[in-house]
Amino acid sequence: MTEKKGWKDLMRGADLPPASSLEYKTGSWRTSRPVWDPDKCTHCMFCVAYCPDMAISIVKSEEGVKGFNGRIYKGTVRLETDLDFCKGCGICVHECPTHAIEMIREEEATSSK
Amino acid sequence: MSTWKPLSGTQAVAEAMRQINPDVVVAYPITPQTPIVEFFAQYVANGIVDTETIPVESEHSAMSATVGAAAAGARVMCATASQGLALMWEVVAAVPGLRLPIVMPVVNRALSAPINIHCDHSDTMGATTIGWIQIFSENGQEAYENMLLAIRLAEHPDILLPAMVMQDGFITGHSVENVEIFDDDKVKAFVGERNPDRYLLDTEHPYTIGPLALPDYYFEIKRQQEEAMRQVKKIYLETGKELSKITGKEYPYFESYKLDDADAAIVVLSSTAGTAKDTVDKMRAEGKKVGLLKPKLFRPFPYKEVRTALKDIPVVGVLDRSMAFGAYAPVYAEIKNALFELDKRPKLQSYVFGLGGKDIFKSDIEKAFNELLSGEVNSEEERYIGLRG
């Protein structure tokens, strides 16, 4: 989506090719970001289900990952939030039953790194 | 072999729909359109067509379901009038931008308030700027044939725009005349099947329809839409030639009646053109050289051709069956626009008549012709026919 097309080159009637939202990185809209603490996470999938941008990916893990109370969580587990698409709405923070996610200001995140 | 049938104008449209055999028809009853869908529903109930009809609770839903079915890939029709068109307006305005070839007969009726069920053109004249093809019909015969033209125009790959086919509520909509219905096989061959290049039910080739387009793309999409509209005139004539092979008739942008040597001409749409032709005949018999121009294709408007047709006529009166409050009446405005390019223009007079179904008689038209012939006209003044002072 770098060079914008002229009217003769666009698909008819504002139709769009499929899956083009993958090229549209909405992460730049963010003013705050969620910071996930894997040690507090039970991999309950609430954040995954509630995320309006599908910015939290999941994988199957046979060997499991370490999480809340030092337990090993096997099966479907979440990964880091995809900051290319996370708009920083904070819904995951609100929904997380174990308070494993907190929001920090974007400038805090960038200055601490 | 064609068949002559005694049909009302609405029934003639239903006959066209029977022959077109759309996949889906969604409409809500509204006087004076209702008989179209009533007649068509009988064809559905009797298994004469393969169409699926969808009962809905309003015109807004009717046009919404029409849009959905058309986007899914079906050939879809709706039908409406007046308040129905007004209620579905939000979706009607979206259809051209979505480039869906929906065909909708509209049986012209005055727009509320005051509430009125009779004919004038204020319903569809409110929809001239949003990108629907508009064809006006003088009688049931024309409405029938215009439906066949409209489906081909709308679905043409270079156009893909919706089309409205108008006729006058009650005056032709409910009046029974002999209508020549052409041979089913020939008409079906002419109409063909809708063959969309992409459609939503084709899950092998997904795409997005109807996205948000902000300042960076909206303008470009609208310019595309105008380009499609610009293709209509050429394809209208080509398609008309093809239809001529079945009907033996011609399909010009407008009908010129005894216009060439006329000292005065009247421009008027739809059923009143029939009355005006009678008036022209009567006055011609008395030695008065008068003529008529009846626009048929109203969107896109054939400015250049109208200009050529009217350029040598000393005085032209335009009869509008609707008003554009605070502006020149809709047909008058187009004629005035069309003539601007001329160095020497005809004198012009705007007349408004027949609002809310008020009758217009030959004597009224004759009076207007005589006023035009007298040269007592004022191009900036709107005059009224049949209005109590």
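Two residues are in contact if their C-beta atoms, placed from the backbone, lie within 7 Å. By that rule, 11 residues of chain A and 16 residues of chain B make up the contact between the chains. The model is predicted.

**Contact between the chains**
- Chain A gives 11 residues to the contact, and chain B gives 16 residues.
- On the side of chain A that touches chain B, six residues are nonpolar.

**Domains of chain B**
- Chain B is assigned domain 1 (3-247) and domain 2 (254-385).
- Between the C-alpha centres of domain 1 of chain B and domain 2 of chain B lie 28 Å.
- The two domains of chain B touch: 27 residues of domain 1 are in contact with 20 residues of domain 2.
- Four elements of chain B each give two or more residues to the domain 1 side: α6 (122-125), β6 (133-136), β7 (163-168) and α9 (218-247).
- That side of domain 1 of chain B has 13 nonpolar, 10 polar and four charged residues.

**A helix pair in chain B**
- Helix α10 (residues 271-285) of chain B packs against helix α13 (residues 362-374) of chain B.
- The angle between these helices is about 60°, and their axes are 9 Å apart.
- An angle of 65 to 115 degrees would count as roughly perpendicular, so α10(B) and α13(B) are oblique to each other.
- The crossing of α10(B) and α13(B) is right-handed.
- From α10(B), the residues that meet α13(B) are T275(B), A276(B), D278(B), T279(B), K282(B) and M283(B).
- Their partners in α13(B) are K362(B), I365(B), E366(B) and F369(B).
- The contact of α10(B) with α13(B) holds four nonpolar, two polar and four charged residues.

**P34 in chain A**
- P34(A) is part of strand β1 (residues 32-36) of chain A.
- P34(A) counts as buried because it has 25 C-beta neighbours inside 10 Å, and the cut-off for buried is 20 or more.
- Leaving out residues up to four places away in sequence, P34(A) touches T81(A), C86(A), G90(A), C92(A), V93(A), I101(A) and M103(A).
- G67(A) is 33 residues from P34(A) along the chain, and their C-alpha atoms are separated by 17 Å.

Definitions and conventions. Residues numbered from 1 in each chain as written. Chains lettered and ligands numbered in written order. Predicted model: local features only at pLDDT ≥ 70, side-chain atom pairs only at ≥ 80, totals over all residues. Nonpolar A, V, L, I, M, F, W, Y, C, P; charged D, E, K, R; others polar. Domains from an automatic or database assignment. Buried ≥ 20, exposed ≤ 12 C-beta atoms within 10 Å, placed from the backbone. Axes fitted to C-alpha atoms, helices over the stretch in contact; angles between N-to-C directions. Parallel < 35°, antiparallel > 145°, perpendicular 65-115°, else oblique. Left-handed = near helix turned anticlockwise from the far one by under 90°.
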